[in-house]
Amino acid sequence: MLSYALKPTKILCVARNYVAHIKELDNEVPSQPALFMKPPSAIANEIYFNKQDPIHYEGELCFIIKDGKFSKVGFGLDLTKREIQSQLKAKGLPWERAKAFDGSAVFSEFVAFSGEVKDLRLELFINGQLAQQGGCELMLYQPEEILADIQSFCTLVDGDIIMTGTPKGVGEIHQGDKFVGKIFSQQELLVEKAWIVK
Ligand code: ZN
């Protein structure tokens with residue numbers, strides 16, 4: 001089910017865009033943005049626990065596209081079945097089973113911003129503790145570089161979403177956890193959204 005009337009034709013995601021997160025998962029630093037996609041059916045309003053396949057959170061700075069440019073920013077969770085992803089990675093197989101499942105994309109509202117993209121940053125609190133924080137200054141590839149790279153081979157239409165990767169601090173979700181995602185432009189809070197894991 002789509003939240004906040006989000007109607008992307010696709011969601012483009014960047015893996016391995018923060019050096020400290022690359023190290024925490026023991027991955028190689030990519031020589032170009034490492035991209036994957038989520039389908040619109042991945043979007044959910046709630047975060048759902050999955051007992052069988054543990055789900056890990058990745059808090060990310062996200063953008064909505066209009067006229068080929070970033071029009072709005074929001075907080076997004078790239079929810080990941082990490083064990084399945086590790087198995088797929090080990091075999092060199094695509095990640096869709098671990099990244100594109102129903103409910104794997106959860107977003108705050110998207111809001112217009114007037115400042116510069118480079119001043120945007122995120123914070124993720126879990127049960128009142130700061131779990132993740134990061135912003136453009138920690139990214140390997142800046143959002144505009146990612147956008148240009150994607151558009152070099154793939155047409156983005158109005159409403160498409162870009163997820164720019166996660167900073168360090170990823171981990172497993174548990175039933176009842178309270179997640180609060182925030183997006184700032186420098187010190188100014190632009191949007192905040194809370195969820196309780198179902
Ligand atoms: Zn991610």
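**Reading the cavity, the metal site and the fold**

Tutor: By class, the lining of the largest cavity comprises four nonpolar, five polar and six charged residues, where Ala, Val, Leu, Ile, Met, Phe, Trp, Tyr, Cys and Pro count as nonpolar, Asp, Glu, Lys and Arg as charged, and the others, Gly among them, as polar. This is a predicted model, in which local features need pLDDT of at least 70 and side-chain atom pairs count only at pLDDT 80 or more, while totals for chains, interfaces and linings use all residues. Residues are numbered from 1 along each chain as its sequence is written, and side-chain values use heavy atoms, with hydrogens and water left out.

Student: What is the volume of the largest cavity, and which residues lie nearest its centre?

Tutor: Rolling a probe the size of a water molecule over the atoms shows where empty space is left. Here a cavity is a set of points, on a 1 Å grid over the protein atoms alone, where a 1.4 Å probe fits but cannot get out, and lining residues have an atom within 4 Å of a point. The largest cavity has a volume of about 90 Å³, taken as the space filled by probe spheres set on the points. Of its 15 lining residues, A15, R16, H21, E58 and Q85 lie nearest the centre. The elements that give two or more residues to this lining are β1 (11–15) and α2 (82–91), and α2 gives the most, with three; helices (H or I, at least four residues) and strands (E, at least two) are DSSP runs, numbered from the N terminus.

Student: Which residues are the protein donors of the zinc ion?

Tutor: Donors are N, O and S atoms within 2.8 Å of the metal (3.2 Å for Na, K and Ca), and because water is not among the atoms, sites may look incomplete. The zinc ion has E58 (OE), E60 (OE) and D78 (OD) as its protein donors, at 1.9 to 2.1 Å, and their spacing in sequence is E-x1-E-x17-D.

Student: Why does S185 count as buried?

Tutor: Buried means under 20% relative accessible area, exposed over 50%, and partly exposed in between (1.4 Å probe, protein chains only). S185 counts as buried because its relative accessibility is 13%. This residue belongs to strand β14 (residues 178–185) and, leaving aside neighbours within four places in sequence, is in contact (heavy atoms within 4.5 Å) with D119, L120 and L190.

Conventions: 1 Å grid on protein atoms, 1.4 Å probe; cavity = no way out; pocket = protein on both sides within 12 Å on 5 of 7 lines; lining within 4 Å.
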